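This briefing concerns the pairing of charged side chains in a protein model. Please keep the structure in view while reading the points below.

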Amino acid sequence: MTLHLSTLLAIIGMALATYATRVTGLFLMRHVNVKGRTKAAFDALPPAILMAVIAPTILATGIAETIAAAITAASAMLRLPMIVTVLIGMVSVVLLRMAM
Amino acid sequence: MSKSALEFRQGVIDIFPVIAAASVIGLLWGTLAASKGLSPLETGLMSASIFAGAAQFVAIELWQDPAPWFFLTMTVLIVNVRHVLMGASLSRHMGNIPSGWRAPLLFMMADENWAFSERRALTQPLTLAYYLGLSLPMVITWTVTSVVGALAGAWLNDPAAYGFDFAFSALFIGILAGFWKGPKTGAVLAASAVVAAIVKLTIPGAWYIVLGGLAGVLVAVLLHAEREEEAAEATP
């Protein structure tokens with residue numbers, strides 16, 4: 001079990017930076033009144049961010065990933081249980097990669 | 001069972017598929033960390049104190065010995081800038097949670113439990129018990145599987161062969177379906193996806209998350225304004 005000083009510093013720095021990003025929004029919102037256009041922006045935020053995180057994987061990796069994402073989306077829209085949707089996605093991507 | 005216990009249990013049930021996927025990702029991250037020379041102790045400390053998958057993957061990719069701590073801190077800050085907006089959005093739904101709890105609770109806010117909290121808030125008030133039910137299993141699983149991965153070394157040497165590398169994308173698609181409210185959502189998602197993919201291909205680092213998210217939000221704001229104007233025109 002080793003713990004290097006530079007590693008410890010890096011971990012502390014990254015942890016503080018991450019927590020700062022997590023808690024800043026809470027204090028920002030004390031001074032913001034959310035309605036109308038601002039509310040529309042906040043309502044769109046969850047899907048927009050989730051999409052942005054996965055977009056490079058599903059759009060810019062390969063055909064197999066893009067088709068597997070479409071199959072997964074179809075399963076999700078059919079309201080299948082989440083775990084089934086995830087498994088369908090994983091199986092699709094493996095099969096498609098073999099086929100291509 | 002008390003109402004709190006029921007809420008907690010519902011949180012655990014909702015987050016279970018995420019836990020299954022996150023275990024694999026945690027193992028994978030732990031093996032990568034070990035391959036860069038981090039000890040199991042350092043790996044566990046990092047997962048427990050940072051608790052941010054995307055940021056940790058980027059950090060390990062950039063890892064050197066000795067650790068370039070300032071560079072790593074700045075990089076992680078950029079990857080996690082999205083948390084500012086997520087926390088701002090989530091704090092709107094924390095009215096039922098005692099105010100002294102809110103800041104500590106945000107320590108555990110990750111993409112997945114945040115998304116489930118937002119989804120919950122669409123239909124009912126977000127409670128402390130539900131949030132803890134979502135979050136505690138995630139923090140524990142992420143930390144434990146990271147350490148196990150670091151101890152086990154390279155047994156998971158080709159996660160792509162089993163589709164594990166696609167598990168998170170599939171999970172996010174599943175979560176996204178819960179936010180679908182019609183063509184407007186489609187426009188938001190399309191803008192976010194296209195901008196994020198283009199930025200990823202052209203700008204190094206993690207800016208694609210911030211810029212893609214903002215593109216989606218911008219489209220939502222524009223569509224909202226247009227609808228208001230239409231309503232105003234329709235009124236004689």
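A salt bridge is a side-chain nitrogen of Lys or Arg within 4 Å of a carboxyl oxygen of Asp or Glu. The model shown here is predicted, and the structure holds six salt bridges over all chains. Side chains of opposite charge can pair when their charged atoms come close.

**A pair within one helix**
- A:Lys39 forms a salt bridge with A:Asp43, and the closest N and O atoms are 2.8 Å apart.
- Both A:Lys39 and A:Asp43 belong to helix H2 of chain A, which covers residues 36–59. They are four residues apart, about one turn of the helix.
- A:Lys39 has a relative accessibility of 38% and counts as partly exposed.

**A pair between chains**
- A:Asp43 also forms a salt bridge with B:Arg92, where the closest N and O atoms lie 3.8 Å apart.
- This pair crosses from helix H2 of chain A to the loop between helix H5 (82–91) and helix H6 (99–106) of chain B.
- A:Asp43 has a relative accessible area of 30% and is partly exposed; B:Arg92, at 24%, is partly exposed.

**A buried pair in chain B**
- B:Arg82 forms a salt bridge with B:Asp111, with 2.8 Å between the closest N and O atoms.
- The pair links distant parts of the chain: B:Arg82 lies in helix H5, and B:Asp111 in helix H7 (residues 111–123), 29 residues apart.
- B:Arg82 and B:Asp111 are both buried.

- Through salt bridges that share partners, A:Lys39, A:Asp43 and B:Arg92 are joined into one network.

Note on methods
Residues are numbered from 1 along each chain as its sequence is written. Chains are lettered from A and ligands numbered from 1 in the order in which they are written. This is a predicted model: local features need pLDDT of at least 70, side-chain atom pairs count only at pLDDT 80 or more; totals for chains, interfaces and linings use all residues. Side-chain values use heavy atoms; hydrogens and water are left out. Helices (H or I, at least four residues) and strands (E, at least two) are DSSP runs, numbered from the N terminus. Buried means under 20% relative accessible area, exposed over 50%, partly exposed in between (1.4 Å probe, protein chains only).
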